[in-house]
Amino acid sequence: MEALQNRIDSFAKTKTKRVKTGQKSRTVTLKWPHPPAFLANPAALAEAGFYYSPSLEDQDNVICFECGKQLSEWEEQDDPFDVHWSKCADKCSWAAVRCGLRADLDRHKRFTFPDKSRLPGTKKMEEARLGTFTAGDGWVHDQAKNHGASSLKMAQAGFVWAPQHPGDDLGTCFYCNIALSGWEKDDDPM
């Protein structure tokens with residue numbers, strides 16, 4: 001579920017669950033229960049790192065692809081970025097690098113970094129970016145010996161792994177809004 005499109009698609013699919021009541025069994029169909037006007041809509045939830053995984057008890061349950069945090073009982077004004085950041089900032093690479101961006105911006109959407117430990121060049125943020133390259137099967141170029149675009153070099157250069165579809169090697173810099181893919185062995189992300 002590290003690919004954004006997979007997370008988005010998880011909300012479009014209906015889920016069926018078998019429920020036993022005494023001697024009888026029936027199938028219950030579950031789908032995303034909230035209207036598009038909710039801040040926690042499928043697109044925002046997917047971008048904040050979540051995919052849809054409902055249960056009979058929690059029909060709006062989502063799970064973070066990176067840290068495994070499960071959240072449910074979404075209300076109309078719950079912002080998935082703020083919720084993920086507040087609950088998982090110290091445990092989840094995606095929450096730290098993607099959801100925490102808002103804390104780094106002023107009201108004009110310019111980077112000001114009131115918390116200096118979140119400056120892009122700090123060890124804390126480099127480690128958080130590096131953590132994004134471990135999701136799923138991990139960064140494909142770490143499997144090639146001496147690849148120029150190793151996960152460590154990518155993180156040092158300011159990139160996070162933000163694949164749009166399975167097999168994608170898209171590296172994104174959230175600070176300058178640059179996304180690059182198609183990394184070759186001799187490429188240097190710096």
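## Basis of the model

Because the structure is predicted, local features are given only where pLDDT is at least 70 and side-chain atom pairs count only at pLDDT 80 or more, while totals for chains, interfaces and linings use all residues. Residues are numbered from 1 along each chain as its sequence is written, and side-chain values use heavy atoms, with hydrogens and water left out.

## Overall build

The protein contains six helices and eight strands, where helices (H or I, at least four residues) and strands (E, at least two) are DSSP runs numbered from the N terminus. Read from the N terminus on, these elements follow the order α-β-β-α-β-β-β-α-α-α-α-β-β-β, and the C-alpha trace spans about 65 × 40 × 25 Å along its principal axes.

Of the 190 residues, 44% are buried, a term that stands for under 20% relative accessible area, with exposed meaning over 50% and partly exposed in between (1.4 Å probe, protein chains only). The accessible surface comes to about 10,500 Å², and 49% of that surface belongs to carbon and sulfur atoms; such areas come from the Shrake-Rupley method with a 1.4 Å probe, and for residues only the protein chains shown count as cover.

Contact, meaning heavy atoms within 4.5 Å, links 13 residues of domain 1 with 18 residues of domain 2.

In helix α1 (residues 4–12), the buried residues are L4, R7, S10 and F11. Seen down the axis of α1, these buried residues fall within an arc of 120°, so they line one face of the helix; the arc is that of the directions from the helix axis to the C-beta atoms. An α-helix has 3.6 residues a turn, so residues three or four places apart point the same way. The cover over the buried residues of α1 includes β1 (15–21), α2 (42–47), β3 (50–52), β4 (62–64) and α4 (93–97).

Helix α3 (residues 80–88) has P80, F81, V83, H84 and C88 as its buried residues. Down the axis of α3, they fall within an arc of 165°, and therefore they line one face of the helix. Among the elements that cover the buried residues of α3 are α2, β3, β4, β5 (70–71) and α4.
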